[in-house]
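Hello,

Here is the structure I promised to pass on to you. Please have a look at it first, and then read on for my notes.

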Amino acid sequence: MADYLLSWGEWFGFITALVYLYFSINQKIWLWPMGILTSAFYMSVFFDARLYADMVLQIYYLVVSIYGWIIWKNRQSDEQVDKIMIVKVNKSMLFKLLLAFGVLYVALAFILIVVPPFIGIAASDLPFWDAFTTAASFVATWMLAKKIIDQWLVWIVIDFVSMGMYFYKGLYVTGFLFFVYTVMAIWGYFSWLRDYKKYQHSIA
C-alpha cells in the first residue's frame, strides 16, 4: 500500500511540477499556486524516500511560493504589465548568495548526518548531495521570487544533480521529471534572456 500511495503522490507531483515549469518559463504568476501543490505532493514522496533535506525544502517552497505570489502580484499592479521586469545578479548580491549557499550547505549536511540517528529514524541517504541540491534550491527559489534571470543557471546544475540522485534512489518518475527540468531550465534561461535583452534595448 505504501508503494501504491507513493506512486500516486509522485505522479501527481510530476504533473503539477510540469505545469509549474510551463508557467515559470512563460513568466506567469500562476506558477506560485502550482508550486504550492507540487510541494504538498513531494513532501510525502521525499519522506518515504529518506531524502529529508528535500522534504524540508518542500516546506520552504510552500513559504516562498506564498511570498513570491505576493511580490509578483504587487509588482504587476505597480507596473500594470503581465510580465514583471527581469533583473540580473550583481557582484554584491552574488557574494551574498554564495555565502548563503555555503552556510546552508554546511548546516544541512551536519543535520542530515547527525540528527536522524539521534532521533531514531533511518539515516539520510546521500546526505552531501541532498544538502547540495537543497541549499542551492533555497537560493535559486529566492532568486526566482525576485525574478533574477541567473536563477535558471543555478537550476540547471540543481536539476542535473537531482536527476542522478533520484534515479539512484529508484524514483524513476521523479528522475525523468528532473531530466525534463534540466532541458527546460536551459530553455527558460534563453527565453528570459530574450525578454531581458528586449527590455534593455527599449530603455537604451
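Predicted model: local features only at pLDDT ≥ 70, side-chain atom pairs only at ≥ 80, totals over all residues.

The average pLDDT of the chain is 82, and 89% of the residues reach at least 70. Of the chain's elements, helix H6 (residues 151–168) has the highest mean pLDDT, at 94, while helix H1 (residues 2–25) has the lowest, at 71. Residues 1–6 call for some care: pLDDT stays under 50 there, and the model has 2 contacts beyond four places in sequence for them.

Next comes helix H2, which covers residues 31–48. Does its length agree with its number of residues, or disagree? At 1.5 Å a residue, its 18 residues should span 26 Å, and the C-alpha atoms at its ends are 26 Å apart, so the two agree. H2 also has a bend of about 30° at Tyr-42. Tyr-42 is one of the buried residues of H2, which also include Trp-32, Met-34, Val-45 and Phe-46. After H2 comes Arg-50, with a positive phi near 60°.

Now to the aromatic rings. How many aromatic pairs does the structure hold? There are 13 of them. One is formed by Phe-178 and Tyr-181, whose ring centres are 5.0 Å apart with 55° between the planes, a tilted arrangement. Both residues belong to helix H7 (residues 172–203), and because they are 3 residues apart in that helix, about one helical turn separates them. Phe-178 has a relative accessible area of 12%, under the 20% cut-off, so it counts as buried. Tyr-181 is buried too, with a value of 11%.

Another pair joins Tyr-189 and Phe-190, this time edge-to-face: the centres are 5.3 Å apart and the planes are at 75°. Tyr-189 is buried, its relative accessible area being 15%. Elsewhere, ring pairs connect Phe-101, Tyr-105, Trp-129 and Phe-132 into a cluster.

The charged end of Lys-88 sits over the ring of Tyr-196, at 5.8 Å from the ring centre. Lys-147 has its charged end over the ring of Trp-192, 5.4 Å from the centre of that ring.

Key: Residues numbered from 1 in each chain as written. Heavy atoms only, no water. Helix = DSSP H or I, 4+ residues; strand = E, 2+ residues; numbered from the N terminus. Expected span 1.5 Å × (residues − 1). Bend = angle between axes of the 7 residues up to and from the residue. Buried < 20%, exposed > 50% of the residue type's maximum accessible area, 1.4 Å probe, protein only. pLDDT = per-residue confidence, 0-100. Contact = heavy atoms within 4.5 Å. Phe/Tyr/Trp six-rings, centres within 6.5 Å; stacked < 30°, edge-to-face > 60°. Lys NZ or Arg CZ within 6 Å of the ring centre and 35° of its normal.
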